[in-house]
Amino acid sequence: MDLEAAGGAEAAQRKRRGESWRATLLLAYQSLGVVYGDVATSPLYVYKSAFAGNDIQHSEGNEEIYGVLSFVFWTLTLITLVKYVLIVLRADDGGEGGTFALYSLICRHVRAGLLPGGGTRDELMEEEKVTGRRGERPVSRVRAVLEKYRVLQRLLLLFALLGTCMVIGDGVLTPAVSVFSAVSGLELSLEKDQHKYIELPVACAILICLFALQHYGTHKVGFLFAPIVCIWLLCISAIGLYNIIHWDHHVYRALSPYYMYQFLRKTQTGGWMSLGGILLCVTGSEAMYADLGHFSQSSIQIAFISVVYPALVLAYMGQAAFISQHHNIESSYHIGFYVSVPETLRWPVLVIAILAAVVGSQAIITGTFSIIKQCSSLSCFPGVKIVHTSSTVHGQIYIPEINWMLMILCLAVTIGFRDTKHLANAQGLAVITVMLVTTCLMSLVIVLCWNKSIFLALGFLLFFGTIEVIYFSASLVKFHEGAWVPITLSFIFMVVMCVWHYGTIKKYEFDVQNKVSVNWLLNLGPSLGIVRVRGIGLIHTELMSGIPAIFSHFVTNLPAFHQVLVFLCVKSVPVPHVEPEERFLVGRIGPKEYRLYRVIVRYGYRDVQKDDLEFEKELVSNIAEFIRSSGEYDKNGFVEDTDKPSEKLSTISTRINMLEEDGELDASISPHKEIDPHDAAPKRKKARFMIPKSAQVDGEVRRELQELMDAREAGMSFILGHSYMKAKSGSSFIKQIVINFYEFLRKNSRGPAYAANIPHASTLEVGMVYQV
């Protein structure tokens with residue numbers, strides 16, 4: 001029997017491994033249609049952008065062509081393969097990637113966050129659950145300096161926001177460059193001058209269709225686009241192999257780094273400026289990292305190493321082989337992609353290229369959605385509507401406002417430039433700036449989060465930073481030739497993010513400075529000096545300790561409140577997901593007879609907040625379990641310690657037995673049963689909590705539980721603060737502008753996610769002016 005059991009366990013384990021590999025390979029296939037479309041379409045414009053406007057004369061020895069190929073090969077290998085695929089992808093924040101995920105990861109390990117409420121300072125999430133026994137880990141000098149100087153923390157945040165803004169700028173430029181480069185192939189397929197009247201309308205129509213498809217979600221788009229990318233990669237690799245064999249089979253010699261030196265020595269300034277076009281071979285690398293939450297690390301690595309990288313190397317080598325034998329042709333497009341395609345295949349390849357260019361834009365669009373979601377959850381971007389398009393993968397989202405904004409800006413730059421050269425210059429600067437930010441943040445992750453040697457972090461920074469600074473300088477000199485676009489877009493988004501972050505912090509600081517002490521509440525007596533009516537009053541507040549000023553403002557003007565008061569604080573914490581058993585922190589304010597509770601609900605920046613009915617049920621269940629649990633060790637109750645509230649809050653693992661009878665949902669409190677969230681019908685409007693006679697609770701606890709249940713039966717009211725921020729008299733002119741702009745953004749953006757799920761019939765808004 002033991003042998004049979006062991007054999008069955010081993011077979012089950014093999015089956016799980018097989019299923020895991022199948023799931024990984026399926027994600028790798030989907031990632032081709034979402035993650036790699038951008039980098040896969042770069043052969044359309046890399047060589048053309050590298051030689052455009054640089055007056056590089058091609059010699060018979062082909063040193064210029066071989067030099068560019070050598071730069072392309074080693075840039076693709078070192079930046080995309082080594083840096084991103086093998087190193088940076090490992091720095092995931094709970095499965096999420098992107099510039100802001102790196103910042104979040106650093107803040108949680110260093111306690112260097114600036115977000116209101118202490119979210120990134122781990123007052124909500126115990127760092128021991130993330131890093132293990134932190135106290136036994138030696139504190140590095142870098143970490144101590146970051147925690148000590150607040151100016152460095154602000155610079156770190158600004159640096160992360162810069163990278164985020166450049167990703168958004170890349171989201172505007174990449175679709176324009178990819179689609180316009182693909183459509184430009186019409187010039188070789190149509191009669192002279194006809195293409196001028198067709199290229200722009202066709203490109204704009206394709207871009208509109210691309211953004212209109214986004215609401216279907218990453219899952220469906222990935223299945224739709226993956227076959228296109230597979231056909232495209234097979235096409236360019238086959239054409240590349242044909243050109244190598246047919247035109248120049250010695251082109252492999254250009255893979256030697258020696259040709260890079262020869263190229264720069266011979267071309268000098270022109271060669272240095274051409275680096276701005278060469279770096280476009282790695283466009284899409286940052287989007288690949290930002291899309292990490294849509295897939296997995298292993299699936300992205302498998303797809304790139306086994307399929308994408310070999311196909312791209314063959315494609316670039318094939319183009320170089322063709323150009324090396326045809327650079328004497330008097331044509332402005334003699335180094336374009338389409339001229340290297342056999343004439344009989346140009347129309348089919350043109351169609352595939354246009355489809356692949358559409359796919360190439362998908363990577364940066366989905367990456368932009370992910371990074372905006374992270375910023376919005378951590379109070380660095382105005383509220384937007386988040387639509388989760390997958391029930392299994394939390395990272396697959398769609399943001400309507402951002403989608404249409406990207407479409408409008410993308411159409412604007414396409415119509416404005418009408419030229420691949422200027423679009424490529426703009427995209428190059430955006431791409432390399434994001435890469436520089438990622439390199440700097442990654443070096444901090446190596447020493448602070450991975451606990452590696454500071455010399456290893458410096459080596460990473462100096463090696464990749466030096467390469468990227470060279471490319472950055474080559475892109476920056478093209479400021480007047482299109483590179484001003486990402487700088488302008490980034491400046492606009494940076495202003496919006498900084499103003500929103502500043503206003504959110506000021507609002508929170510006002511709440512903290514004007515909160516009411518617990519002693520004031522205790523002096524009112526059990527009735528709080530007001531009339532207590534039946535029901536539960538749910539007061540939303542940003543404070544994790546003390547009584548919000550909105551409460552005293554309300555009772556001063558209307559001296560009546562519910563018999564059970566719950567101060568609810570909903571916090572977004574800098575982790576992707578919070579486990580359900582760790583979501584609720586429940587505590588008591590004052591003695592038991594006051595019936596005042598504080599509940600902190602924690603959501604990761606990837607968590608989906610539940611609707612009001614499900615949330616009410618979990619909230620009351622957690623309070624009931626807290627009452628039952630606290631009765632076992634606390635007979636007299638306690639007064640909340642306002643200085644260290646987290647020590648008085650308990651993480652509740654709710655144990656409720658749900659029963660549904662006669663169309664009405666009953667919930668019986670039991671110390672032995674675990675709740676199954678799928679057992680409760682979400683459309684039921686009432687949950688009746690009953691204390692079974694067999695429950696081992698004393699009389700006082702039973703009375704408190706009964707009062708909670710009676711209050712729940714009477715109904716629940718939601719009290720929301722409707723604040724209006726106003727600069728103090730005597731404030732500087734700049735501060736007044738910033739506060740007014742923040743108010744404008746707040747009024748024209750979406751409120752918190754939990755507020756959208758609250759039924760309007762049960763909502764009461766209390767207005768209050770915040771003078772900051």
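A charge is taken to sit over a ring if NZ of Lys or CZ of Arg is within 6 Å of the ring centre and within 35 degrees of the ring normal. The legends below describe a predicted model.

**Figure 1. Arginine 90 over the ring of tryptophan 450.** Arginine 90 is placed over the face of tryptophan 450. The distance from the ring centre is 4.8 Å.

**Figure 2. The whole chain as context for the close-up views.** The chain has 772 residues, of which 56% are buried. Its secondary structure consists of 26 helices and twelve strands. Of the contacts between residues at least 6 apart in sequence, 82% join residues at least 24 apart. The accessible surface amounts to about 32300 Å², and carbon and sulfur atoms account for 59% of this area.

**Figure 3. The aromatic pair of phenylalanine 71 and phenylalanine 263.** The count of aromatic pairs in the model is 14. One of them joins phenylalanine 71 to phenylalanine 263 in an edge-to-face arrangement, with 6.0 Å from centre to centre and 70° between the planes. Phenylalanine 71 belongs to helix α4 (residues 63-87) and phenylalanine 263 to helix α12 (residues 258-267), so that the pair links distant parts of the chain, 192 residues apart. Both phenylalanine 71 and phenylalanine 263 are buried.

**Figure 4. The aromatic pair of phenylalanine 417 and tryptophan 484.** Phenylalanine 417 and tryptophan 484 also form an edge-to-face pair, at 6.2 Å centre to centre and with 65° between the planes. Because phenylalanine 417 lies in helix α17 (residues 400-417) and tryptophan 484 in helix α20 (residues 484-513), the pair ties together parts that are 67 residues apart in sequence. Tryptophan 484 has a relative accessible area of 36% and is therefore partly exposed.

**Figure 5. A cluster of tyrosine rings.** Tyr66, Tyr258, Tyr259 and Tyr261 are linked into a cluster by ring pairs.

**Figure 6. Arginine 108 in helix α5.** Arginine 108 is located in helix α5, which spans residues 99-110. Its relative accessible area is 6%, so arginine 108 is buried, the cut-off being under 20%. Valine 573 lies 465 residues away from arginine 108 in sequence, yet the C-alpha to C-alpha distance between them is 9.6 Å.

Figure 7. Val145, Tyr149, Val151, Leu152, Leu155 and Leu158 make a nonpolar surface patch of about 490 Å². Helix α8 (residues 150-183) contributes the largest share of the patch, with four residues. Leucine 155 is found in helix α8. This leucine 155 counts as exposed because its relative accessibility is 51%, the cut-off being over 50%.

How values were computed
Residues numbered from 1 in each chain as written. Predicted model: local features only at pLDDT ≥ 70, side-chain atom pairs only at ≥ 80, totals over all residues. Heavy atoms only, no water. Patch = residues over 30% accessible without salt bridge, like charges linked within 9 Å, V, L, I, M, F, W, Y side chains within 5 Å. Areas by Shrake-Rupley, 256 points an atom, 1.4 Å probe, with all protein chains shown as cover. Salt bridge = Lys/Arg side-chain N within 4 Å of Asp/Glu carboxyl O. Helix = DSSP H or I, 4+ residues; strand = E, 2+ residues; numbered from the N terminus. Buried < 20%, exposed > 50% of the residue type's maximum accessible area, 1.4 Å probe, protein only. Contact = heavy atoms within 4.5 Å. Phe/Tyr/Trp six-rings, centres within 6.5 Å; stacked < 30°, edge-to-face > 60°.
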